[in-house]
Amino acid sequence: MHRTAVVVLALTGCQYEPGIARSDATVSGDTVPMLDTPGTQPGARVRRIDIDDVRVTGGPHANFPLLVSVTAPWLATTGFGGNVARSDAFDLYFTADQAGTMQLAHEVEAYAEDAGTLTAWVKIPSLTAQTALYIHYGDPMLANDPQNVAAVWSGYEAVFHLDAFSDAAGKNPQIVAVTSGAVAGRIDVARAFDGDDDSVDVGSATAIDDIFTGGGTAEAWFYAETFGEGTYGRIFEKGHVAGWSIFVNNTERASSTGFLHGTTTGDWGWWNTPASSITLNAWHHVAVVYSRDSSANNALMYLDGAPVAVALIDAPTGTMVSDASQPLRLGNRPALDRTFDGLLDELRLSTVVRGDGWLATQVRNQVDPAAFAPIGPEL
């Protein structure tokens, strides 16, 4: 058994609303001015971020959370030879215009002032291949925290970065976790699960109840070292009686991932990716798009941003019922007998049917954020 820790965290909201990022700083009326006055000090600096056109598929993608992840000498604080004025990064923010008057909602997941390392999420209200935005920094007079984490994730019912046991969307306020601890992840920090007894108990907040009613999307980055307990290690599962589950599978389809959706009577629905569709000791992104109310009643599954052929192991029969009474577990199921063995990162739930273009674009952004959204020279 690995080291264990029990953590209970509560979340609080933030204060700004986002703007819209387009090339040549064309914006719409939903932008709002900064509460602080930007660019008033001699140290204020700005750089342009241009999305790499070829990495965007389809669109426009509404309310897209853009990952900006970079290490650069100019992002260190002045005490470490860089240009960022404050160690709390309050002088670092993103806008739709070079002048810095129309702020985009952002979250700083991680910032290291000595190395100049930044991991941030920026809400782009309409992402296209022509999108541009601006990063501002270096103004020591900006005293208010410019983050608006809740606004970045307003299109989600749950977002678990797993750098901490908390929900960035702010809709699952209390999480009890027993895990083996934090490790380097796909994006900043991940959590390691030992294949024995680790889990994260999210509970059953209203926001994550019945996310597949009318259509929803569940997604995660995972790094499986083995296939976990019983060769069905859970990435996450809501309920064991009438809920749903996403898991790795080395039995019905060797080296694959599966999706279960339950009923009160009859058979659970079981959909699976092809055999040999995943490899151990490597990062993969899995997404499941499903509507339990669809007449076709088929789940769509994606690996690493691409749709894959889905094998129907069991067709669902009987009555679909609410999973509202069922808890959500990360890295296990509520019965605590299907522990995931490996690392999990960036788990998300939304009541939105994400399309092929969105998922492909998102994975490209997260695999290589510096190439997806290169930052230009100081203007």
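1. Let's start inside the chain, at A220. Setting aside neighbours within four places in sequence, A220 is in contact with I235, H284, H285, V286, D345, E346 and L347; contact here means heavy atoms within 4.5 Å. A220 sits in strand β14, residues 216-224. A220 counts as buried because its relative accessible area is 0%. For these labels, buried means under 20% relative accessible area, exposed over 50%, and partly exposed in between, using a 1.4 Å probe and protein chains only.

2. A word on what you're looking at: this is a predicted model, where local features need pLDDT of at least 70, side-chain atom pairs count only at pLDDT 80 or more, and totals for chains, interfaces and linings use all residues. Residues are numbered from 1 along each chain as its sequence is written, and side-chain values use heavy atoms, with hydrogens and water left out.

3. Now the overall picture. The protein chain has 3 helices and 25 strands; these are DSSP runs numbered from the N terminus, with helices being H or I of at least four residues and strands E of at least two. Of the 379 residues in the chain, 54% are buried. Looking at contacts between residues at least 6 apart in sequence, 74% join residues at least 24 apart. The chain exposes about 13700 Å², and carbon and sulfur atoms supply 52% of that. Those areas come from the Shrake-Rupley method with a 1.4 Å probe, and for residues only the protein chains shown count as cover.

4. Another one to click on is H106, in strand β6 (residues 106-112). Is H106 buried or exposed? H106 is buried, since its relative accessible area is 1%. Beyond residues up to four places away in sequence, H106 touches L92, Y93, F94, W121, V122, P146, Q147, N148, V149 and V152.

5. Then have a look at P334, in the loop between β23 (328-330) and β24 (341-350). With a relative accessible area of 23%, P334 is partly exposed. Leaving out residues up to four places away, P334 touches E237, G239, H240, P327 and R329. P334 and K238 are 96 residues apart in sequence, yet 7.6 Å apart in space, C-alpha to C-alpha.

6. Helix α2 covers residues 356-367, which makes 12 residues. From first C-alpha to last, α2 reaches 17 Å, close to the 16 Å expected at 1.5 Å a residue; the expected span is 1.5 Å times one less than the number of residues. Why is α2 described as largely enclosed by the rest of the structure? Because 9 of its 12 residues are buried. Those buried residues are G357, W358, L359, A360, T361, Q362, V363, N365 and Q366.

7. Finally, some backbone spots to check. Most residues other than glycine have a negative phi, and most peptide bonds are trans. G59 and P60 are joined by a cis peptide bond, with omega about 5°, and P60 is in the loop between β2 (45-50) and β3 (61-71). D188, which isn't a glycine, has a positive phi near 60°. D188 lies in the loop between β11 (182-184) and β12 (189-194) and is partly exposed at 29% relative accessible area. T231 isn't a glycine either, and has a positive phi of about 60°. T231 is in the loop between β14 and β15 (234-238), and counts as partly exposed at 26% relative accessibility.
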